[in-house]
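The sequence and the structure come before the description.

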Amino acid sequence: MRKACIMGWPVRHSRSPLIHGHWLAHYGLTGAYDRVEIMPDDFESFVRDMEAQGYVGGNATLPHKEALLQLSAHRTPAAEAAGAANTLWFENGAICCDNTDITGFLANLDAGAPGWDRQAETALVLGAGGAARGIVFGLLQRGITRVIVTNRTYAAAEELRAVFGPAVEPLHWAEAERALMDADLLVNTTSLGMVGQPALDLSVVNLPPHAVVTDAVYVPLETEWLARARLRGHVTVGGLGMLLHQAVPGFARWFGVTPVVTPELTRLIEADVLGGH
């Protein structure tokens, strides 16, 4: 039986077992997707022993994403660009990794705002952490020619320009509302607005009417900030779809079937989020 797992510390909150379990049942596959709570000091030894334990691969979540990248003999360009990996598999005994959060982000936008990239030239990205780094890479790959990155710590935004070049423009957080006037796409990669975190207090009044707004946060399913943008008439895309779509490439590698993110799966995970499990 082929089996994979999610590795994190903690990991009990992860919805990945629910997602992959749904697909295994839906496609009638014999397999398993486990939840493995593992301390950082034990992560390397666990990964190196995974094949011997019968695993064909797995996902890494916080705080193991950077460690997985360092452990891997083969890394996709996305993982290299993001500086972190969330998906692993084995080829001839070698550890291989990818960052499918980038795939998930773009696929979620494609599903929630079809054609968003046809005339989009400028994106404004809020935040400059690990999630932002991967998202900036994805936007540049998709053909966005100007990515403005604003962050409370300006130096972190500057680092992204150093990584990706002059297409990335760092911006002080206090200037974000002015920059909205140029944005075709507005992306929140911070935890602001998440349950238990402060609200994102950025006004969207200066945003052009055609601009698409998306939020990486999915708990709650729609943040107050995203709701304000929707009520102003913007096309908005919540963060849950990013979680669902990022799971597709790993499942395909491990179990040999490329799954589809269906309304049924979306309703299943929405119900779990609303239930607070």
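Two strands are said to pair if DSSP finds at least two bridges between them. The model described here is predicted, and in it strand β7 (residues 122–126) and strand β10 run parallel, joined by 4 bridges. Within this pairing, leucine 124 has leucine 186 of β10 as its bridge partner. On the other pairing of β10, 4 bridges join β10 to strand β11 (residues 212–215), again in the parallel sense, and here asparagine 188 stands opposite aspartate 215 of β11.

In a regular strand the side chains alternate between the two faces of the sheet. Strand β10 (residues 185–188) is covered on both faces, with Leu185 and Val187 buried on one side and Leu186 and Asn188 buried on the other.

Strand β1 (residues 2–8) pairs with strand β3 (residues 55–60) in the parallel sense over 5 bridges, and one of the bridge partners is glycine 58 in β3, which faces cysteine 5.

| Helix pair | Angle | Axes |
|---|---|---|
| α1 and α10 (residues 240–255) | about 50° | 10 Å apart |
| α6 (residues 130–142) and α7 (residues 154–164) | roughly 40° | within 11 Å |

Because of the angle between them, α1 and α10 count as oblique to each other, and α1 passes α10 in a right-handed crossing. From α1, the residues Ile19, His20, Trp23 and Leu24 make the contact, and from α10 they are Leu243, Leu244, Ala247, Val248, Phe251, Trp254 and Phe255. Sorted by class, this contact of α1 with α10 has 10 nonpolar residues, 1 polar residue and no charged residues.

Helices α6 and α7 are therefore oblique to each other as well, and α6 passes α7 in a right-handed crossing. Here Ala132, Arg133, Val136, Phe137 and Leu140 of α6 meet Leu160, Val163 and Phe164 of α7. The residues of this contact of α6 with α7 divide into 7 nonpolar, no polar and 1 charged.

Note on methods: Residues numbered from 1 in each chain as written. Predicted model: local features only at pLDDT ≥ 70, side-chain atom pairs only at ≥ 80, totals over all residues. Heavy atoms only, no water. Axes fitted to C-alpha atoms, helices over the stretch in contact; angles between N-to-C directions. Helix = DSSP H or I, 4+ residues; strand = E, 2+ residues; numbered from the N terminus. Parallel < 35°, antiparallel > 145°, perpendicular 65-115°, else oblique. Left-handed = near helix turned anticlockwise from the far one by under 90°. Contact = heavy atoms within 4.5 Å. Nonpolar A, V, L, I, M, F, W, Y, C, P; charged D, E, K, R; others polar. Buried < 20%, exposed > 50% of the residue type's maximum accessible area, 1.4 Å probe, protein only.
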